Amino acid sequence: MGLILLLLSNALHASESLDVLHWWTSLSERRAADFLRTKLAEENIEWRDAAIPGGAGIGAVKVLKSRVLSGNPPSVAQLIGPAVSEWAELGLILELDNAAGRWQSQMFPTVWQLVTHRQHTVAVPLGIHRINTLFYNKKVFDRMGLAPPSNFTEFKRIALQLQAAGITPLAQSHEAWQVATLFETLVLAESDVKFYRDLFVARNPQAYLDPRFAQALTRLRQLRSYTVKTGPELSWTDVSRQFASGNAAMVIMGDWMKGELAAQGLSVDVDFACATVPNTDNTHLYSIDTMVMFAGDYSRQLNQERFAQIIVSPTAQLGYSKLKGSVPVRKDVDIASLDSCGRNSWRTFARGATYQAPSLVHRMATDDTFKDAIVKQIQVFYLDEKISVAETQQRLAAMVRALNRKED
């Protein structure tokens with residue numbers, strides 16, 4: 001009898017291969033994915049990698065749709081924001097209620113809401129990224145006697161000092177999603193969470209004509225004057241290397257930049273440090289990494305559920321976040337081992353929804369059609385200084401009205 005039970009146990013826990021489709025291809029992202037792969041291997045689950053290159057996951061989402069349409073969905077796929085519920089509504093995603101257990105009591109309410117649909121758990125959360133993060137070269141700042149700016153008057157003064165010293169103040173690509181990432185932080189800086197949500201979640205056309213939106217556009221144009229305006233369109237990892245080399249003293253980007261800088265051998269609070277974008281100290285512009293499981297014929301369900309439980313464990317959450325630059329989705333973890341940037345991010349997010357703004361660019365606020373349209377218009381404005389702020393406001397307001405009518 002004992003031998004039979006042993007054989008059954010071995011069969012249940014035999015190594016199972018699950019193909020995982022995602023867009024983590026940078027040095028730090030690979031390190032974070034490899035960490036998760038190792039944690040799963042310890043439990044006899046093989047992570048079979050299906051990484052698709054491309055900033056902001058644009059290529060990966062296209063591949064995912066193609067695989068699903070061809071009847072060959074991955075076992076696990078990176079999918080974030082409202083798209084989780086959209087796919088769940090199609091009935092293609094495995095419900096993870098058996099695995100979820102006490103997740104609701106362990107996770108921040110915003111995270112729990114994101115991973116549930118029609119009272120079922122449909123996604124696995126990995127980490128929370130803070131996008132309104134200002135990174136600055138600590139050695140350059142210390143050498144020049146500078147402190148990180150807390151408002152844009154200070155930012156301008158620092159930028160002019162850096163330019164006078166022959167240092168590019170702000171590392172920035174003119175790639176569409178990177179420009180829009182910078183812009184959405186400026187919207188938050190020039191307004192508040194309520195107005196931000198009115199723009200990008202409620203999709204109120206009138207909000208695009210508001211003076212606060214005009215000021216964010218004006219600020220975007222001002223900040224461009226502190227960047228290298230010409231040259232090739234840089235990937236975000238190229239931007240990280242420009243910053244790491246000391247050729248640029250600041251960069252505004254999600255805290256995945258911190259993970260990438262660490263992967264390049266830099267140390268937080270030694271080589272570089274974090275602050276929030278001016279005027280956004282008490283807000284958290286967030287993006288949450290999540291994964292979904294595809295049901296298929298349900299033959300992999302047991303190991304997909306085990307995958308989910310391992311990923312959400314405190315050990316996996318902390319280890320992943322330290323490599324990726326994010327913070328855990330759990331409110332019951334000990335954050336003492338996180339760096340100063342991480343602790344600040346986690347504590348701000350923990351203050352609740354009043355202080356949280358879902359990223360437009362990183363698929364937290366709305367659907368891809370709306371997001372892509374806004375991102376493109378912001379890039380057009382950024383690149384063409386002949387286009388006025390007022391013209392851009394009118395164009396966006398009209399576009400939002402049209403998109404809203406199309407959805408009605």
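**View 1. The disulfide of C274 and C341 is right-handed, because the torsion about its S-S bond is about 90 degrees.** In this predicted model, local features need pLDDT of at least 70 and side-chain atom pairs count only at pLDDT 80 or more, whereas totals for chains, interfaces and linings use all residues. Residues are numbered from 1 along each chain as its sequence is written, and side-chain values use heavy atoms, with hydrogens and water left out. The sulfur atoms of C274 and C341 are 2.1 Å apart (a disulfide is a pair of cysteine sulfur atoms within 2.5 Å). C274 lies in strand β10 (residues 272-276) and C341 in helix α17 (residues 340-349), so the pair ties together parts 67 residues apart in sequence. Helices (H or I, at least four residues) and strands (E, at least two) are DSSP runs, numbered from the N terminus. C341 is buried, with a relative accessible area of 14% (buried means under 20%, exposed over 50%, partly exposed in between; 1.4 Å probe, protein chains only).

**View 2. Four strands form an open sheet of mixed pairing, in the order β8-β9-β7-β10.** Strands β8 (168-171) and β10 stand at the edges with a single partner strand each, so one side of each has no neighbour in the sheet. Strand β7 (residues 133-137) pairs with β10 in the antiparallel sense over five bridges (pairing requires at least two DSSP bridges between two strands). C274 in β10 is the bridge partner of F135.

**View 3. L223 touches F152, F155, L170, L182, L186 and I252, leaving aside residues up to four places away in sequence.** Contact means heavy atoms within 4.5 Å.
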